Amino acid sequence: MFTGIVEELGTLTAVEPSGDGVRLTVRAPGAVTDAGHGDSIAVSGVCLTVVDQGPDWFTADVMQQTLEMSTLAGAAPGRTVNIERATPAHGRLGGHIVQGHIDGTGTVVDVRPGERWQVVRVAVPAHLAPLIVDKGSIAIDGVSLTVSAVSEPDADQPWLEVSLIPETLAATTLGGASVGDAVNLETDILARHVQRLLAFPTPTEGGSR
């Protein structure tokens, strides 16, 4: 589990085919200080497993399904990525509960600079829109953020907005977000559970087992 508090900016240094997926090598000096084989590290919001490592890098495999769901598809050496190690059980929950399981991708459609912050609007897939609420939590490229505005339910193209403070702009890849960029989205796990529960008929008391 993660909290969406990015610890450092990493760099993809190698992307190699591996079966129907790819093997990524990421330079992330901070993340590997206490990492071991099999540990989980979130790369721009995608939970990956360490399979090899060195003094300032680690390698992880990305399966085809993950490539289809995230912006890691088409990733090339040189890309900057957000890095977060898994949260220890005794750690602070500084952001919100983030699993590292991407729901899909959105597209940056507007960037509005403010005096000390920046408002970013992201177009989201229609099936994810019901899971996103004003003042709720969203993880964008692994960054825990508070939704500052949402589109109306009948909007032709659903969207959300987040307001980025200077620290977020400086410490994450969202500081360089531009119109047209694809971003990873992970909605609130509680919203996903509620949606799933509501998809089933209400059981009757004393119903069959």
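Ser 44 is buried, at 6% relative accessibility. Buried here means under 20% relative accessible area, so Ser 44 falls within that class. The model is predicted. Ser 44 is found in a loop. Strand E3 (40–43) comes on one side of that loop, and strand E4 (46–53) on the other.

Asp 141 is also a loop residue, placed between strand E9 (137–140) and strand E10 (143–150). Is Asp 141 buried or exposed? Asp 141 is buried, with a relative accessible area of 9%.

## Backbone angles

Most residues other than glycine have a negative phi. Ser 44 has a positive phi, near 50°. Asp 141 is not a glycine, yet its phi is positive, at about 50°.

## Two annotated spans

The UniProt annotation "domain: Lumazine-binding", from an unreviewed entry, covers residues 1–96 and 97–198.

How much helix and strand does the chain have over residues 1–96? Residues 1–96 are 6% helix and 44% strand. The end C-alpha atoms of this span are 10 Å apart. Residues 97–198 are 16% helix and 38% strand. Their end C-alpha atoms lie 21 Å apart.

## Rings and a charge

How many aromatic pairs does a search of the whole structure find? The search finds zero.

Trp 159 has a charge over its ring. The charged end of Arg 121 sits there, 3.6 Å from the ring centre.

Technical notes:
Residues numbered from 1 in each chain as written. Predicted model: local features only at pLDDT ≥ 70, side-chain atom pairs only at ≥ 80, totals over all residues. Heavy atoms only, no water. UniProt positions renumbered as here; feature names shortened; annotations may be inferred. Helix = DSSP H or I, 4+ residues; strand = E, 2+ residues; numbered from the N terminus. Buried < 20%, exposed > 50% of the residue type's maximum accessible area, 1.4 Å probe, protein only. Phe/Tyr/Trp six-rings, centres within 6.5 Å; stacked < 30°, edge-to-face > 60°. Lys NZ or Arg CZ within 6 Å of the ring centre and 35° of its normal.
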